[in-house]
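Thanks for coming. I will take one structure today and go through its fold, its core and a few residues. Please have a look at it first.

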Amino acid sequence: MNLVLHYGLLGSLEAGLIALAVGFVVFALWWQVCRRTGLRNGHAIAYASLMAAAIAAGVDGWKLFSLGMVNLQSPLYAKLALASIHDPDQLGTRVLLELIGVAIGVGLGWVLFSSRQPLADTTHEH
């Protein structure tokens with residue numbers, strides 16, 4: 001996304017709120033898919049969590065991972081690696097808050113949609 005976020009903790013909180021919205025919307029879409037195909041709540045939660053985490057925290061998570069793989073002994077490589085990151089000081093915090101936001105968004109979606117209509121009957125009558 002090409003959204004202009006603030007620097008510091010405020011920018012990380014903004015990214016977390018965006019991730020919350022992404023988690024909610026992705027869960028709503030997966031809820032409809034799972035409801036129509038007869039899958040259970042767990043499928044909707046799992047698929048939505050994975051997809052929303054990839055969408056919301058994928059780029060920052062990849063930058064955090066690849067930063068550990070770059071040979072930072074050279075000042076040139078360190079400068080190039082850090083230049084591509086929006087706020088390198090808050091990268092870890094931003095990824096953490098994005099993943100927390102996804103979890104909360106999916107959880108809110110599950111609470112909202114599961115109270116309306118269950119996906120599949122979980123009771124087994126003999």
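Of the 126 residues in this protein, 28% count as buried, where buried means under 20% relative accessible area, exposed means over 50%, and partly exposed is in between, with a 1.4 Å probe and protein chains only. Before going on, the terms of use: this is a predicted model, so local features need pLDDT of at least 70 and side-chain atom pairs count only at pLDDT 80 or more, while totals for chains, interfaces and linings use all residues. Residues are numbered from 1 along each chain as its sequence is written, and side-chain values use heavy atoms, with hydrogens and water left out.

The fold, then. There are four helices and zero strands, and along the sequence the pattern reads α-α-α-α. Helices here are DSSP runs of H or I with at least four residues, strands are runs of E with at least two, and both are numbered from the N terminus. Contacts, meaning heavy atoms within 4.5 Å, are worth a word: among those with a separation of 6 or more, 72% are between residues 24 or more positions apart.

Next, helix 4, residues 91-116. Its 26 residues should span 38 Å at 1.5 Å a residue, and the end C-alpha atoms are 38 Å apart, so the two agree; the expected span is 1.5 Å times one less than the number of residues. Buried residues in helix 4 include Leu-91, Arg-94, Val-102 and Phe-113. The cover over the buried residues of this helix includes helix 1 (9-37) and helix 2 (41-69). By contrast, Ile-100, also in helix 4, is partly exposed, at a relative accessible area of 39%.

Which residues touch the most other members of the largest nonpolar core? They are Phe-27 and Val-102, in a core of 14 residues. Helix 1, helix 2 and helix 4 each supply at least two of the core residues, and helix 1 gives the most, with seven. A nonpolar core is a set of buried Ala, Val, Leu, Ile, Met, Phe, Trp, Tyr and Cys residues joined through side-chain atoms within 4.5 Å. Not counting residues up to four places away in sequence, Val-102 touches Ala-19, Leu-20, Gly-23, Ser-49, Ala-52, Ala-53 and Ala-56.

Now a charged pair. How many salt bridges does a search of the whole structure find? One, taking a salt bridge as a side-chain nitrogen of Lys or Arg within 4 Å of a carboxyl oxygen of Asp or Glu. Asp-60 forms a salt bridge with Arg-94, and the closest N and O atoms are 3.0 Å apart. Asp-60 is in helix 2 and Arg-94 in helix 4, so the pair ties together parts 34 residues apart in sequence. Both are buried, Arg-94 with a relative accessible area of 4%. Leaving aside neighbours within four places in sequence, Arg-94 is also in contact with residues including Ser-12, Ala-15 and His-86.

Last, the surface. The protein exposes about 8200 Å², and carbon and sulfur atoms supply 68% of it; areas come from the Shrake-Rupley method with a 1.4 Å probe, and for residues only the protein chains shown count as cover. Tyr-77, in helix 3 (residues 75-83), is partly exposed at 47% relative accessible area.
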